[in-house]
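Here are a few notes for you to read with the model open. Take them one point at a time and find each residue as you go.

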Amino acid sequence: SGRTLAALLLVLEVGILGTFLAFDLVLFFVFFEVVLLPMYAVIAGWGGPDRRRAARKFVLYTLFGSVLLLVGLLVVVTGAGTADIVRLTAGSELAANTQRVAFVLLAVGFAVKSPLWPLHTWLPDAHTQAPTVGSVILAGVLLKMGTYGLLRIGVGVVPEGARWASPVLAALAVAAILVGGLVCLAQTELKRLIAYSSVGHMGFVLLGIATLTATGFQAALIGNLAHGVITGLLFFLAGAIKDRAHTGDLGQLGGLRETAPGLAGLLGFAAIASLGLPGLAGFWGEAFAVVAAVERGWTLAAVLAALGGALAAAYFLRLLRRATHGRAAPAVVGLTGLARFELATWAPLVLLAIALGLVPALALTPAAAPVRGLTAVLDA
């Protein structure tokens with residue numbers, strides 16, 4: 001029922017807020033895990049026809065990551081004798097080898113959550129089968145817990161491990177960007193395409209983190225925010241189209257522009273924001289991740305990542321050509337327009353995408369001091 005779903009979403013919110021607010025590694029882990037069961041229930045209870053399998057896959061992957069994460073956190077806590085994140089940030093209390101071991105364990109744990117290629121295969125299934133609200137929370141917020149953990153705990157607490165592993169992280173990030181883009185070009189289902197686009201976008205965030213520079217960290221932070229806002233909006237729109245047309249198959253959609261111009265216009269806006277058009281939120285994170293890679297001297301990585309950005313333009317324009325242009329397909333004839341509650345829900349996301357695009361300082365200024373603190377830790 002609706003009440004149970006609302007209760008599960010509130011439990012999810014507790015886990016999410018706790019993860020971002022925890023100052024203790026044990027608490028961080030507890031909140032990080034609290035999210036798992038309610039998300040499983042949301043997918044398994046309210047999802048699509050293949051929801052049970054998708055939910056099981058989500059839980060098994062995430063549990064595998066969590067075990068490694070727990071071991072990594074225990075290595076840190078037993079090595080340093082404290083679980084206080086503030087005291088641990090700088091890594092001064094841990095030997096270099098301990099840091100390397102801990103970083104590998106933590107990085108794999110967080111990589112499953114944020115999903116980084118090649119640990120991303122649970123994501124398209126979970127997104128495609130989840131109800132709209134599940135997809136939006138999964139893409140908009142849950143994936144960020146992984147990248148936040150990697151930045152705050154991976155880089156902050158075991159900086160020597162991060163320095164040692166950064167070239168590998170960069171290589172995986174570039175692979176994620178390119179693989180995400182190429183796989184998106186082959187997708188025929190609306191929600192699956194948007195799900196795979198997340199793999200590429202989180203690749204840009206990881207590339208920013210891997211450079212270990214202030215520019216890269218800022219790119220990762222604004223990239224996270226932009227992805228949350230824009231992909232959240234894309235999943236809302238995909239859900240609305242699926243509910244109305246009863247299909248997400250790009251072959252059966254088409255001509256949305258004629259039958260539901262409001263929906264088509266918003267889908268166009270969200271797709272263009274997601275492909276990184278300057279002036280909208282998606283641009284800054286991608287552009288500065290590439291700039292940070294050049295600053296770090298990783299020219300090849302920067303060039304390949306920029307190519308991946310061009311792939312994003314290709315698959316989103318293909319999506320728009322298939323879904324909104326052309327003759328109206330039978331599935332979309334007689335679609336209803338936008339409801340008031342939909343406009344009220346989506347308007348803040350549209351405005352945020354524009355505001356973050358035009359005034360990136362909204363995200364960059366509050367983060368400037370913490371980012372300086374993190375880079376000081378790495379230079380120490």
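1. The lining of the largest pocket sorts into 16 nonpolar, eight polar and two charged residues. Here Ala, Val, Leu, Ile, Met, Phe, Trp, Tyr, Cys and Pro count as nonpolar, Asp, Glu, Lys and Arg as charged, and the others, Gly among them, as polar. This is a predicted model, where local features need pLDDT of at least 70, side-chain atom pairs count only at pLDDT 80 or more, and totals for linings use all residues. Residues are numbered from 1 along each chain, and side-chain values use heavy atoms, without hydrogens or water.

2. That pocket has a volume of about 780 Å³. Of its 26 lining residues, F20, Y148, L221, N224 and L225 come closest to the centre. Helix α8 gives the largest share of the lining, ten residues; α11 (214-245) and α17 (361-379) each supply at least two.

3. What about the largest cavity: which residues lie nearest its centre? Look for H201, G223, H227, G282 and E286, out of 15 in the lining. Helix α11 provides the largest share, seven residues, and the space is about 130 Å³.

4. The second largest cavity holds about 40 Å³. Its lining includes H201 and E286, and by class it has four nonpolar, three polar and one charged residues.

5. Now try helix α1 (residues 2-21): its 20 residues should span 28 Å at 1.5 Å a residue, and its end C-alpha atoms are 29 Å apart, which agrees.

Definitions and conventions. Helices (H or I, at least four residues) and strands (E, at least two) are DSSP runs, numbered from the N terminus. The expected span of a helix is 1.5 Å times one less than its number of residues. On a 1 Å grid over the protein atoms alone, a cavity is a set of points where a 1.4 Å probe fits but cannot get out, and a pocket is an open set with protein on both sides within 12 Å along at least five of seven lines; lining residues have an atom within 4 Å of a point. Grid points are joined across faces, edges and corners, and a volume is the space filled by probe spheres set on the points.
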